[in-house]
Amino acid sequence: MYVETYGCQMNLADTELLLGHLGRSGYSRTDDPASADVILLNTCAIREHAEERVMGRLGELQHHKTKRPDVQLGLAGCMAQHLKDKLPARAPFVDFVVGPDSYRRLPELLAQGDAFIDVRLGREETYSNIVPQRGAGVRAWISIMRGCDKFCTFCVVPYVRGRERSLPIDAVLDQVRTAVDGGYREIVFLGQTVNAYRDGDADFAQLLRRTNAIDGVERIRFTSPHPSDMTDAVIAALAECDKVCPQLHLPVQSGSDAVLARMERGYTRDQYLRLAERLRLAKPGLALSTDIIVGFPGESDADFEATCALMRAVRYDTAFMFKYSRREHTKAFNWDESVSDGEKSRRLQAVIAIEEHIAAEINDRSVGATFPVLIEGPARRGEGWLAGKTPQFKTAVFPWAGSAPGDTIPVRVTSATAHTLVGTAEI
Ligand code: 5AD
Ligand code: SF4
């Protein structure tokens, strides 16, 4: 089988689950669609643009079916769930459509050979007993909860991934131990609102503590937490767990109270700012990143300026910035788009410029400092260079000095850009 993955890390982890699950039915992965019996796109529906990309790619892959009619070409993931039975009309050559809660049935449905659409969302499915087939590397992604109950008014996720549900804590800890035995050094817990994790009495704070106690785990990260689920207990666990990295992706979406209220995010600008402050006190050296949407319905010039001001106040290490994209099923879908596409583009360019400037300043200030870098492999800048990540999840590149992927070595930063630290190994 040939698989392409679009979208977020949850989807990458789902692809690993799909590969593990189908692997038990005899499917193995190939990098060449021309030699695959099954061609699968694991898709994203978060913005219109993501869906357009997949439609384009489907058109390109379609020719494999003219030469080999038995090839099964299909869509998995959020866009499959989003478009459901509308897909065959838009792409009649697609053989199967399978939503995020239907992967368990995929081998038998494929074996039957007929076209199918399976998009039932389950309240229980967590795939906790499916062993993922992980890619090479130092980092293991582990989905610990699925779905979302927050229903932010712009977001399609609750409709395509269904209700929030967590894996049993023992299943998560087993996956951590298996990953460590497999040589992975860094554990990344994944969930749409990852810090809402709960299994009975065990909350996310407890999961962090128990993971921190496992021998062989070197680093722990998680994404994406929701500001409203950052309880005192979670903040205390962050502070106490030495393996939890000083890095946090904390989506803010907007710096305007009026917009935050219409987005139904569940916090005000002030509450968010205070939370960021508390987190920085709890975790010295904390790097913060965020998601920002510009051009949400009703976003005035003043609202937008409030977002810019918040970015300057928090000083994010990185930010993912998006133009608002109207999604069917969501509450905001029915609201008038008050910001033109041209104005959205202008606002997007403005926040990108602010962020680039701040990120470059932050990284510049780290010149001269030394960070433990977990080496991942060769750097793209050429032979003799290695790349890895600092605890703050910054990419650091440095000339090879006898170390190998999986090693953690001190690297002194000698120069920096907005996106990369350049240094020398201090060994
Ligand atoms: N339009 C633009 N961006 C969106 N996101 C989610 N839904 C939309 C949308 N309709 C962004 C949010 C979220 C990130 C994963 O994608 O910023 O945090
Ligand atoms: Fe979407 Fe909001 Fe849930 Fe995040 S918390 S997945 S933005 S609905």
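This is a predicted model: local features need pLDDT of at least 70, side-chain atom pairs count only at pLDDT 80 or more; totals for chains, interfaces and linings use all residues.
**The largest cavity**

Twelve names went into my notebook: Ala13, Glu16, Leu17, Thr126, Tyr127, Pro132, Arg134, Trp141, Ile142, Ser143, Leu167 and Gln175. I then asked which elements give two or more residues to this lining, and found α1 (9-23) and β6 (139-143). I sorted the lining by class and got seven nonpolar, three polar and two charged residues. The volume of this largest cavity came out at about 100 Å³. How many cavities of 30 Å³ or more does the whole structure hold? My search found one. For anyone new to this kind of search, rolling a probe the size of a water molecule over the atoms shows where empty space is left.

I noted a salt bridge between the side chains of Glu186 and Arg139, with 2.7 Å from N to O. Where do the two partners sit in the chain? Glu186 is in strand β9 (residues 186-190) and Arg139 is in strand β6, 47 residues apart, so I wrote the pair down as a link between distant parts of the chain. My count of salt bridges for the structure stands at 33.

**Ligand 1**

Next I looked up what surrounds ligand 1. The shell is made of Ile46, Arg47, Phe154, Gln253, Asp291, Ile293, Phe322, Lys323, Tyr324, Ser325 and Arg327. I then went through some of the polar contacts. A polar side-chain atom of Arg47 is 3.0 Å from an oxygen atom of the ligand. Phe154 takes part through its backbone, with an N or O atom 3.0 Å from a nitrogen atom of ligand 1. For Gln253 I noted a side-chain N or O atom 2.6 Å from a ligand oxygen. How much of ligand 1 does the protein cover? I read 86% of the 410 Å² of accessible area that the ligand has on its own. Strands β14 (287-294) and β15 (318-323) are the elements that give two or more residues to this shell. By class, I found five nonpolar, two polar and four charged residues there.

I stayed with Gln253 to check its backbone. Its phi is near 75°, a positive value in a residue other than glycine. Gln253 belongs to the loop between β13 (247-249) and α11 (257-263). While on backbone geometry, I also noted that the peptide bond from Thr223 to Ser224 is cis, with omega near -5°. I placed Ser224 in the loop between β12 (219-223) and α10 (232-240). I marked these entries because most residues other than glycine have a negative phi, and most peptide bonds are trans.

Phe154 was already in my notes, as a residue around ligand 1.

My last stop was the second largest pocket, with a volume of about 280 Å³. I found it lined by Glu376, Gly377, Pro378, Ala379, Arg380, Arg381, Ala387, Gly388, Lys389, Thr395, Val397 and Thr420. Which elements give two or more residues to this lining? I wrote down β16 (370-378), β17 (385-389) and β18 (395-399). The class tally for the pocket is four nonpolar, four polar and four charged residues.

Key
Residues are numbered from 1 along each chain as its sequence is written. Chains are lettered from A and ligands numbered from 1 in the order in which they are written. Side-chain values use heavy atoms; hydrogens and water are left out. A residue is near a molecule or strand if one of its heavy atoms lies within 4 Å of it. A polar contact is a pair of N or O atoms within 3.5 Å; within protein, one must be able to donate a hydrogen and the other to accept it, and residues adjacent in sequence count only if both atoms are side-chain atoms. Accessible areas come from the Shrake-Rupley method with a 1.4 Å probe; for residues, only the protein chains shown count as cover. Helices (H or I, at least four residues) and strands (E, at least two) are DSSP runs, numbered from the N terminus. Ala, Val, Leu, Ile, Met, Phe, Trp, Tyr, Cys and Pro count as nonpolar, Asp, Glu, Lys and Arg as charged, and the others, Gly among them, as polar. On a 1 Å grid over the protein atoms alone, a cavity is a set of points where a 1.4 Å probe fits but cannot get out, and a pocket is an open set with protein on both sides within 12 Å along at least five of seven lines; lining residues have an atom within 4 Å of a point. Grid points are joined across faces, edges and corners, and a volume is the space filled by probe spheres set on the points. A salt bridge is a side-chain nitrogen of Lys or Arg within 4 Å of a carboxyl oxygen of Asp or Glu.
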